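Please look over the sequence and the structure shown here before reading the report. The notes after them are meant to be followed with the model open.

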Amino acid sequence: MQLPISQVDAFEEGVFTGNPAAVVPLDQPIDEALMQRIAEENNLSETAFTAPIADAERDAPAFALRWFTPTTEVELCGHATLAAAAALRDLGALEGETHVHFSTRSGPLTASLGEGDEVEIDLPAAVPTGAPTPDQLDAIERALDAP
């Protein structure tokens, strides 16, 4: 099996700058273990895999998107999402489009395709949650306060 692959530098300001991610555009999903092996071989912080999905409800093309590091799948990766949108545009999969939708493990994401090489995404905001204070912390605070 031969698969196309692109390496895209997000946030770049010139040649060999930015944050690289590999992008593998698929015609259909492939086995998760194979995606992990490909990411391991790429040895970049993330490899993004895209596969088109039919979605008549959307106003722009839609793709499934998954991200893998060399060792594991991750829930969300901003720079690899930018890279995926740029690679799909460069490969002609988004001809004339101004947006592309991604279905991901962390929820839906939309990329806006601007002039030239510009790509923008809105990432979900993580809401901080509180956690109980560990018992050991009270003992450490008392020890530090002791004369």
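## Basis of the model

This is a predicted model, in which local features need pLDDT of at least 70 and side-chain atom pairs count only at pLDDT 80 or more, whereas totals for chains, interfaces and linings use all residues. Residues are numbered from 1 along each chain as its sequence is written, and side-chain values use heavy atoms, with hydrogens and water left out.

## Helix α1

Helices (H or I, at least four residues) and strands (E, at least two) are DSSP runs, numbered from the N terminus. Helix α1 covers residues 32-42, and its buried residues are Met35, Gln36, Ile38 and Ala39; buried means under 20% relative accessible area, exposed over 50%, and partly exposed in between, with a 1.4 Å probe and protein chains only. Seen down the axis of α1, these buried residues fall within an arc of 160°, so they line one face of the helix, the arc being that of the directions from the helix axis to the C-beta atoms. Arg37 and Glu41, on the other side of α1, are exposed.

The buried residues of α1 pack against β2 (19-25), β3 (47-53), β4 (62-68) and β5 (73-74). At the start of α1, a side-chain oxygen of Asp31 comes to within 3.1 Å of the backbone nitrogen of Ala33, while just after α1 Asn43 has a positive phi of about 55°.

Strand β7 (residues 107-113) runs antiparallel to β6, to which six bridges join it; two strands pair if DSSP finds at least two bridges between them. A hairpin connects β6 to β7 through two residues, and His99 stands opposite Ser112 in β7.

Strand β8 (residues 119-121) pairs with β7 in the antiparallel sense over three bridges, and here Ser112 stands opposite Glu120. The hairpin of β7 and β8 has five residues between the strands, and in this hairpin Gly116 takes a positive phi near 60°.

## Surroundings of Thr104

Thr104 belongs to strand β6 (residues 99-104) and, at 13% relative accessibility, counts as buried. Its side chain reaches the backbone oxygen of Gly107 at 2.5 Å, and a polar contact of 3.1 Å joins the side chains of Thr104 and Ser106. A polar contact is a pair of N or O atoms within 3.5 Å; within protein, one must be able to donate a hydrogen and the other to accept it, and residues adjacent in sequence count only if both atoms are side-chain atoms.

Leaving aside its neighbours within four places in sequence, Thr104 is in contact (heavy atoms within 4.5 Å) with Leu65, Trp67 and Leu109.

## Salt bridges

A salt bridge is a side-chain nitrogen of Lys or Arg within 4 Å of a carboxyl oxygen of Asp or Glu, and by this rule the count comes to five. Arg66 forms a salt bridge with Glu32, the closest N and O atoms being 2.7 Å apart. This pair links distant parts of the chain, with Arg66 in strand β4 and Glu32 in helix α1, 34 residues apart. Arg66 counts as partly exposed at 26% relative accessibility, as does Glu32 at 44%.

Arg66 also forms a salt bridge with Glu73, where the closest N and O atoms are 2.8 Å apart, and Glu73 counts as buried at 14% relative accessibility. The side chains of Glu73 and Arg105 meet in a salt bridge at 2.7 Å, N to O. Salt bridges that share partners join Glu32, Arg66, Glu73, Glu75 and Arg105 into one network.
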